[in-house]
Amino acid sequence: MAAEQKTDRRPEAADTDTDTDAIDELRAQWHRERPDMAAAGLDAMALVGRIKRADHLLSKGMKLIFAEHGLEFAEFDVLATLRRVGAPHELTAGGLLKSAMVTSGAITNRLDKLERKGLIERHPDPADRRAIRVRLTAAGMELVDRAVVDHVANEERMLGALSAEDRRALDGALRRLLVSLGDTHLG
């Protein structure tokens, strides 16, 4: 039973005042090996490391939920993008690329897979013969509506260790960081 509790540790069980994480270990190693490095530099390295590790761990947790719906993250992102633009739940391939969180190299493969699954359909843009429009099918709409509910519940679970105040503070700090790095709009 004790071993089971240890491996099934929930995020909300973390005591952030006394627990250490993998980045604390990494920082201590650098401090030991390079005591000449400024503490502020190590703090910056630790913060970026935590952001990257959090991204990795959150992505891993999301991957499980998407897999339950037969999707990969990038496929969910395409479906969610089409869903959130509103009726008729359609964008040009270029517009989809600007609004989705996927790279241009990945978009064609994602669209091919989603079309084979019957979740999207592509058709010529009547206003521009060079453009292709991508539309969510009824099956795609049903799937993304189910998946997004599970996705949001999963995100809530994964953020369970943070109080509402912690979440607001982190959200604001990350927004300022993203704006300072030039990430002010999709695309």
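Of the 187 residues in the protein chain, 25% are buried. Please bear in mind that this is a predicted model. The chain exposes about 12,800 Å², and carbon and sulfur atoms supply 57% of that area. As for contacts with a separation of 6 or more, 54% of them are between residues 24 or more positions apart.

Let me turn to the secondary structure. The protein chain has eight helices and three strands. Along the sequence, the elements follow the pattern α-α-α-α-β-α-α-β-β-α-α.

I will begin with the strands. The three of them form an open sheet in the order β1-β3-β2, with antiparallel pairing. Because β1 and β2 stand at the edges and each has a single partner strand, one side of each is left without a neighbour in the sheet. On average, and with direction ignored, neighbouring strands of this sheet are turned by 25 degrees against each other. Helix α4, residues 73-84, packs on the sheet and touches β1, β2 and β3. The direction of α4 makes about 95 degrees with that of β3.

Now to the pairing in detail. How many bridges join β2 to β3? There are six between β2, residues 120-125, and β3, and the two strands run antiparallel. They form a hairpin, with two residues between them. Within this pair, Arg-122 stands opposite Val-134 in β3, while His-123 has Arg-133 as its bridge partner. On the β1 side, residues 90-92 pair with β3, residues 128-136, in the antiparallel sense over three bridges. There, the bridge partner of Thr-92 is Arg-133.

I close with the surface. Which residues form a nonpolar patch there? They are Leu-47, Ile-51, Leu-170, Leu-174, Leu-177 and Leu-181, with about 520 Å² of accessible area together. The elements that give two or more residues to this patch are α3, residues 39-68, and α8, residues 164-180. Helix α8 gives the most, with three residues. Leu-181 lies in the segment after α8. Is Leu-181 buried or exposed? Its relative accessibility is 64%, so Leu-181 counts as exposed, the cut-off for that class being over 50%.

Thank you for your attention.

Key:
Residues numbered from 1 in each chain as written. Predicted model: local features only at pLDDT ≥ 70, side-chain atom pairs only at ≥ 80, totals over all residues. Heavy atoms only, no water. Patch = residues over 30% accessible without salt bridge, like charges linked within 9 Å, V, L, I, M, F, W, Y side chains within 5 Å. Areas by Shrake-Rupley, 256 points an atom, 1.4 Å probe, with all protein chains shown as cover. Salt bridge = Lys/Arg side-chain N within 4 Å of Asp/Glu carboxyl O. Helix = DSSP H or I, 4+ residues; strand = E, 2+ residues; numbered from the N terminus. Buried < 20%, exposed > 50% of the residue type's maximum accessible area, 1.4 Å probe, protein only. Pairing = 2+ DSSP bridges. Contact = heavy atoms within 4.5 Å. Axes fitted to C-alpha atoms, helices over the stretch in contact; angles between N-to-C directions.
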